[in-house]
Every structure is written in structure tokens, then in C-alpha cells.
Amino acid sequence: MEPVLLAGVASVFLVLLSKVIPNNLSRRRTLALDKYCCFKVAGICTIPVEISGNECLFKIVEKGLIGSLLIEGSICGLILVNKPVKTKKAIRKLESSIISLEVLYERYKMDKHKHQIDQLRHQLTEILRNNDPIEPYMLLLLCAKNDTPIDYLLRNIESRLEPYNCRFSLECDNQRLSFRQRKSVITSNRVLTNKIHTQLRQVFTLSRAYMYSGISIGTTLRGSRQVILPIIGREGTLHTCIVGPTGKGKSTVIAKIISRLNSRDLGYMNFFIIAVDPKGDLFTYLDQLYGNFEKRMIHDDSMYRELTLMEENKELVVYLLKGSSEDKQKTILEIIENTIESTKIVHNNRITLLAIDEAWMIPRTKILEKLLREGRSRNLSVFLASQYPGDLSDIVWSNIGNIIIFGSRSKKYLEHIRRYTGIDEKFLDEISKLETGEALLRYPWSSTPIMVRIL
Ligand SMILES: Nc1ncnc2c1ncn2[C@@H]1O[C@H](COP(=O)(O)OP(=O)(O)OP(=O)(O)O)[C@@H](O)[C@H]1O
Ligand SMILES: [Mg+2]
């Protein structure tokens with residue numbers, strides 16, 4: 001046995017085994033279980049479910065379902081056994097399957113046969129290219145948490161995988177779980193393993209955010225796992241950039257973040273929040289959110305309009321700069337800089353959050369770059385929203401931790417995302433499919449972004 005990856009993250013554990021030949025190739029394989037029909041891994045009752053079906057494995061890997069099932073917590077792990085096959089044998093087997101399907105297609109002209117032929121041809125090309133054929137064998141591990149009935153877990157996973165022609169062969173009888181011999185599939189080791197690795201990376205990426213103090217910004221797009229935006233960790237605060245075309249939800253997400261800052265997730269912390277709004281939307285959203293707030297003040301003068309709110313552990317000042325000249329805006333930025341400096345001296349146990357909507361409209365001064373550079377060690381977390389990544393300078397980008405990326409099909413926008421955000425290029429395509437309120441979240445520790453529904 002050669003374990004390639006064995007890792008544990010909260011209740012998620014992943015086991016990926018390579019080059020392991022199952023020692024029992026009899027028609028029925030069995031596994032000894034305890035009296036509850038599960039085997040224990042780190043004290044967790046675990047039920048292995050073998051998935052089979054000609055196309056099932058390929059389809060669920062292709063659709064990214066392994067990653068999302070792990071992220072959602074529907075499965076808590078998997079065992080993948082990549083059994084090597086001789087190249088000649090693999091080619092023979094694939095070619096004979098293709099011929100049989102071609103005969104069927106000739107006779108019935110069914111799309112599903114055509115699709116299967118294309119898929120097998122693709123497998124054949126990959127095997128010839130990589131010379132690494134395998135017969136993959138996968139067990140999904142269901143974990144019974146809080147006495148969830150096993151039948152319920154099984155039904156749940158069966159219904160999720162139903163559209164992919166997956167079959168489950170699972171019988172739990174006399175404390176033995178038996179798997180029926182399934183029809184094997186052949187594929188290239190490199191192709192399958194790369195795809196699964198990408199999905200596993202997303203699981204680890206998401207799990208790491210739980211090590212930070214942060215707030216929930218929504219759920220995974222194709223699941224229901226909470227997505228955390230980290231704000232402060234052991235190394236200091238994190239800055240966040242929000243990019244997206246008009247109307248996609250930038251101001252909304254800032255308002256949501258601000259309104260949740262006194263949530264229990266951030267425990268005992270005190271917040272001083274300064275929101276800068278050159279356009280008016282953020283001011284309106286916050287004004288609506290805090291509409292019935294008792295301790296609120298509105299201050300108007302020729303320079304700006306200011307809304308101040310005090311909550312239990314939160315003080316919020318919103319500057320509406322609409323209509324003020326560049327000189328006035330510069331003066332306000334200086335006031336903000338001084339306020340942040342003095343706050344640091346008076347309250348060193350506070351987190352200051354500076355949120356700037358439509359950051360491209362703010363006059364370019366050194367103040368912002370200075371705050372970004374020095375802020376991390378001074379409990380200052382900066383949030384910047386803008387339409388194009390290129391609106392912000394390289395110095396700004398080099399100090400940004402989290403990036404929330406909204407969707408657009410614009411080539412120019414996608415090119416900016418590629419250039420500035422460092423996300424893995426294979427996710428660029430996903431950006432063009434995002435709807436309003438949906439985004440990719442790139443954490444500072446990974447180029448693999450998480451797809452999130454902002455709630
Ligand atoms: N998470 C969300 N879920 C559902 N609808 C949303 C969400 N976020 C925004 N919207 C809808 O989209 C509209 C525009 O949102 P918002 O003003 O936040 O976009 P924006 O990106 O800031 O746009 P602009 O660049 O014009 O300022 C909102 O009025 C709301 O109806
Ligand atoms: Mg806006």
C-alpha cells in the first residue's frame with residue numbers, strides 16, 4: 001500500500017491510495033463492520049459506499065461533484081484505488097468497447113451511445129499520450145454524525161448521484177458489508193488524479209478559513225457549506241478586494257459584511273468601521289439596514305454627508321462623498337487617516353475596518369497604499385470595491401489577501417482577473433457563468449477559488 005495523501009480536517013478526512021491492487025477480486029467483496037454496520041475512523045462511524053456504473057465515475061469527477069460532496073459534508077472522505085493495467089490490455093479493452101458501441105449506434109442511432117463512444121475515444125487518446133492506464137476503484141465514505149440513520153445518508157447520496165447513472169452495491173448484513181463485482185472502467189491515471197486533486201484542493205482551501213476569525217458571507221454555490229471570509233488571524237488582519245461589473249452585488253456584499261461585524265463569530269472584538277461611499281449606494285444600503293437604529297446621527301456639511309451609528313461593540317461612520325470635489329475628497333482621506341492613527345493609540349484591542357466602495361473614484365493618494373501596507377499589523381482591515389482589477393495599483397494588489405470576484409463575460413474583465421488575481425486559469429470560464437449575487441472567493445493561501453452564493 002502506498003498512501004499518497006492522508007489528511008484530516010475537522011470531520012473531513014480524505015484517503016487517496018495509488019497503485020494498490022485490491023487483494024480480493026472475487027465476485028463479492030466483503031468488509032467487516034461493527035454492530036452498527038460501520039467501521040470506525042478516528043471514532044467516527046463510517047460507511048463505505050462503492051460507486052459503479054459505466055459512466056458514473058467519469059461524470060461525477062468531470063462535474064466536480066467529488067469536491068462539492070466533500071465541501072457540503074454529504075460525504076466525509078473517499079478511498080480511491082488506482083489499479084494499474086497493462087497498456088496493451090487497456091487499449092484492447094477500450095477498442096473492443098468502442099466497436100460494440102459503434103454497432104449499437106449504427107442500429108439505434110441513440111445519442112447516449114454516441115456520447116459514450118466519444119468519451120471512450122477520449123480515454124484512449126489520453127492513455128496513448130500518457131501511457132498510464134488504470135482501473136479506478138472508488139469508495140465514498142459516508143459518516144454518520146449525531147446518530148443520523150444510515151438509510152437516510154444512503155438515500156441522500158443516491159438521489160444526488162442519480163442523474164449520473166450511478167449504481168450502489170451495498171449490503172449490510174451480519175456486520176459484513178458486501179460489494180458486488182462491478183464492471184471496471186479504464187482511464188489515464190494522470191487525467192483522473194489531476195481532476196480529483198483540483199477538487200480536493202478546494203476542500204482544503206475552504207477548511208483553512210475556519211482557522212481565522214471571520215464572518216459568513218454565504219454558502220458554496222452548488223452546496224450548502226458556509227463560506228467564511230477571514231478578517232483576522234494570527235499573522236494580523238487581512239485586506240479584501242471586491243471586483244465586478246456594475247449591478248453584480250459589490251455594494252451589497254460590503255453592507256452585509258458591515259452589518260454582520262458584531263456577529264458571534266468574531267466574539268469579544270470591538271469594531272470601528274469607516275465606510276467611504278463616493279456614489280451613494282452603500283450609504284443607502286446601510287441607511288436601510290440601520291433604519292430603525294436608535295443611536296444614529298446624520299451630519300451634513302458642504303464637504304460630505306456623514307452617518308454615525310453606535311452599537312454594543314461597534315461604531316460605524318459612513319462618509320458619502322457624492323458631489324464633493326477632488327480636493328475635498330483628499331481632505332476626507334486625510335481625516336480618515338488621522339482618525340485611524342488616533343484610534344490605534346486609544347484602542348489597541350479594536351479592529352478598524354475601512355471599506356471603500358467604488359475605489360476607482362477615490363483620488364489616487366499615497367494614503368490608501370500606506371494604510372494597506374501598514375494596516376495588517378495594526379488591526380486594520382481594508383475592503384476595496386471596484387469594477388476592474390486594473391483600477392487598482394500594483395501596490396494595492398500586492399497587499400490584498402481575499403478577493404471576491406463577481407461574474408462577467410467581458411474579455412477585458414477576464415483578462416484583468418487573470419493578470420491581477422492569480423486565480424487558477426481553469427476557473428476563468430466559471431466567472432463568465434456567474435449570476436448576480438454569485439462570486440468566486442480567492443483566499444490568500446490558494447489559487448483555487450471557492451464559488452459562493454452571497455447571502
Ligand atoms: N447577494 C445577492 N443576492 C441577490 N440579489 C443581489 C445580491 N447582491 C445584489 N443583488 C441585487 O443586485 C442589485 C445591485 O446590487 P449592488 O448595488 O450591490 O451592485 P454593485 O455591484 O454595487 O453595482 P454598481 O457597480 O452599479 O454599484 C441589488 O439591488 C440587488 O437587487
Ligand atoms: Mg455599488
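A polar contact is a pair of N or O atoms within 3.5 Å. The model shown in these views is predicted.

**View 1. Polar side chains meet oxygen atoms of ligand 1.** A polar side-chain atom of Gln 387 sits 3.3 Å from an oxygen atom of ligand 1. For Asp 281, an N or O atom of the side chain is likewise 3.3 Å from a ligand 1 oxygen. Ser 251 places a polar side-chain atom 2.9 Å from an oxygen atom of ligand 1. On its own, ligand 1 exposes 630 Å², and the protein buries 69% of that area.

**View 2. Helices H7 and H8 contribute to the shell around ligand 1.** Helix H7 (250–260) and helix H8 (281–289) each give two or more residues to this shell. H7 provides the largest share, three residues. The shell counts 16 residues, of which Thr 246, Gly 247, Thr 252, Lys 279 and Tyr 285 come nearest to ligand 1. By class, the shell holds eight polar, five charged and three nonpolar residues.

**View 3. The second largest cavity is lined in part by H9 and H10.** Two cavities of 30 Å³ or more turn up in a search of the whole structure. Helix H9 (326–346) and helix H10 (366–375) each supply at least two lining residues. The largest share, four residues, comes from H10.

Terms used
Residues numbered from 1 in each chain as written. Chains lettered and ligands numbered in written order. Predicted model: local features only at pLDDT ≥ 70, side-chain atom pairs only at ≥ 80, totals over all residues. Heavy atoms only, no water. 1 Å grid on protein atoms, 1.4 Å probe; cavity = no way out; pocket = protein on both sides within 12 Å on 5 of 7 lines; lining within 4 Å. Points joined across faces, edges and corners; volume = space filled by probe spheres on them. Near = heavy atom within 4 Å. Polar contact = N/O pair within 3.5 Å; in protein donor to acceptor, adjacent residues only side chain to side chain. Areas by Shrake-Rupley, 256 points an atom, 1.4 Å probe, with all protein chains shown as cover. Nonpolar A, V, L, I, M, F, W, Y, C, P; charged D, E, K, R; others polar.
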